[in-house]
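Me: Hello! I am new to this structure and would like a friendly walk through it. Could we go step by step?

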Amino acid sequence: MKIYQVDAFTDRRFAGNPAGVCILPGSQGEEGEKWMQDVAREMNLSETAFIFKKDGAFSLRWFTPAVEVDLCGHATLASAHILWETGIADRRAAIRFDTRSGPLFVRWAGAEKEGWIEMDFPAEPEAAAACPAELKQALGVEPLYCGKNRFDYLLEVESEDIVRGLRPDFRLLAAVGMRGVMVTARSGQAGFDFVSRFFAPAVGVDEDPVTGSSHCCLGPYWEKRLGRNPLTGLQVSARGGVVKVKNSGNRVLISGKAVSVLKGELV
């Protein structure tokens with residue numbers, strides 16, 4: 001059984017967000033979720049994706065080392081990249097993934113657009129919310145704004161330097177009661193509209209290097225704040241990555257690049 005590792009939201013190896021991609025034989029995914037969870041724990045990446053063919057599309061599931069999650073951008077990007085690179089899917093056609101968040105469509109923008117991969121995801125806008133004291137304590141910041149959607153908290157802070165300098169207390173963050181926390185600010189660099197970091201210790205990922213699903217929220221949020229669409233985000237983790245976002249009603253088009261790093265075989 002083939003398994004791959006892909007660095008997503010980057011065009012160079014050892015940057016962006018690494019994801020495992022496992023292509024399951026057959027059309028039923030008979031291995032079961034306990035086996036998938038074991039493989040994800042063995043891979044020890046923020047997410048490992050599992051793909052199998054089903055009814056003319058591809059079923060896609062995502063697991064952190066600890067739990068299955070409902071939505072993951074970088075492992076979806078990595079999955080499409082591998083399906084095209086191995087010839088299982090044709091770059092000329094969109095890939096449909098059936099997931100716990102409904103159908104997701106991924107398209108290759110083409111060589112003329114420098115190989116960007118575009119994902120069509122549901123928008124996950126935030127609503128204003130009271131910021132729990134333990135969340136502020138865990139991050140050591142006083143946010144300009146606090147909101148949340150069905151997955152995560154969103155905190156806007158005053159500057160990019162604050163985002164880059166965060167040293168969270170992950171034990172406190174894990175007890176906040178949401179999947180994760182995105183912290184964001186306007187970018188101080190030319191070419192980028194906003195910066196962010198994403199922390200999810202509650203699902204076994206202290207800091208996610210580059211997070212596609214958070215941009216389903218960050219895209220609509222920064223369009224409201226800046227009055228611009230499309231937007232370009234920079235996730236300023238240690239590995240770093242670039243995410244392009246185009247808001248389209250209740251959908252968000254999220255674009256990035258990907259590069260293969262490793263391929264192997266489960267024995």
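**Spaces inside and out**

Me: What volume does the largest cavity have?
Reply: Happy to start there, with the reminder that this is a predicted model. Rolling a probe the size of a water molecule over the atoms shows where empty space is left. For the largest cavity, the volume comes to about 100 Å³.

Me: Which residues are the closest to the centre of the largest cavity?
Reply: The lining of the largest cavity is made up of 15 residues. By class, seven of them are nonpolar, five polar and three charged. The closest to the centre are E47, R179, F198, D208 and T211.

Me: How much space lies in the second largest cavity?
Reply: With a cut-off of 30 Å³ or more, the count is two cavities. The second largest cavity holds about 40 Å³.

Me: Which elements give two or more residues to the lining of the second largest cavity?
Reply: Among the residues that line this cavity are Y153, L173, R179, G180, V181, F199 and A200. By class, the lining has nine nonpolar residues, one polar and one charged. The elements that give two or more residues are β12 (180–186) and β13.

Me: Which strand gives the largest share of the lining of the largest pocket?
Reply: The largest pocket has about 210 Å³ of space, and 14 residues line it. Nearest its centre lie F9, T10, D11, G241 and V242. The lining divides into five nonpolar, four polar and five charged residues. The largest share, three residues, comes from strand β16 (residues 241–248).

**A closer look at E68**

Me: Is E68 buried or exposed?
Reply: E68 sits in strand β5 (residues 68–69). The cut-off for buried is under 20% relative accessible area. Because E68 has 17% relative accessibility, it counts as buried.

Me: Which side chains make polar contacts with the side chain of E68?
Reply: Leaving aside neighbours within four places in sequence, E68 is in contact with E33, Q37, R61, W62, F63 and R100. Two of these contacts are polar ones between side chains, at 2.8 Å and 2.9 Å. The partner at 2.8 Å is R61, and the partner at 2.9 Å is R100.

**Helix α6 and the whole chain**

Me: How many of the twelve residues of α6 are buried?
Reply: Helix α6 covers residues 215–226 and is mostly covered. Among its buried residues are H215, C216, Y221, W222 and L226. Just after α6, G227 has a positive phi of about 70°. As for the helix itself, the number of buried residues is nine.

Me: Why is the chain as compact as a globular protein of its length?
Reply: The chain has six helices and 18 strands. For 267 residues the globule rule gives 18 Å, and the chain is close to that, so it is as compact as a globular protein of that length. The value behind this is its radius of gyration, 18 Å.

Me: What percentage of the contacts with a separation of 6 or more is between residues 24 or more positions apart?
Reply: The C-alpha trace spans about 50 × 40 × 30 Å along its principal axes. Buried residues make up 58% of the chain. For contacts between residues 24 or more positions apart, the share is 62%.

Key. Residues numbered from 1 in each chain as written. Predicted model: local features only at pLDDT ≥ 70, side-chain atom pairs only at ≥ 80, totals over all residues. Heavy atoms only, no water. 1 Å grid on protein atoms, 1.4 Å probe; cavity = no way out; pocket = protein on both sides within 12 Å on 5 of 7 lines; lining within 4 Å. Points joined across faces, edges and corners; volume = space filled by probe spheres on them. Nonpolar A, V, L, I, M, F, W, Y, C, P; charged D, E, K, R; others polar. Helix = DSSP H or I, 4+ residues; strand = E, 2+ residues; numbered from the N terminus. Buried < 20%, exposed > 50% of the residue type's maximum accessible area, 1.4 Å probe, protein only. Polar contact = N/O pair within 3.5 Å; in protein donor to acceptor, adjacent residues only side chain to side chain. Contact = heavy atoms within 4.5 Å. Rg over C-alpha atoms; globule rule 2.2 N^0.38 Å.
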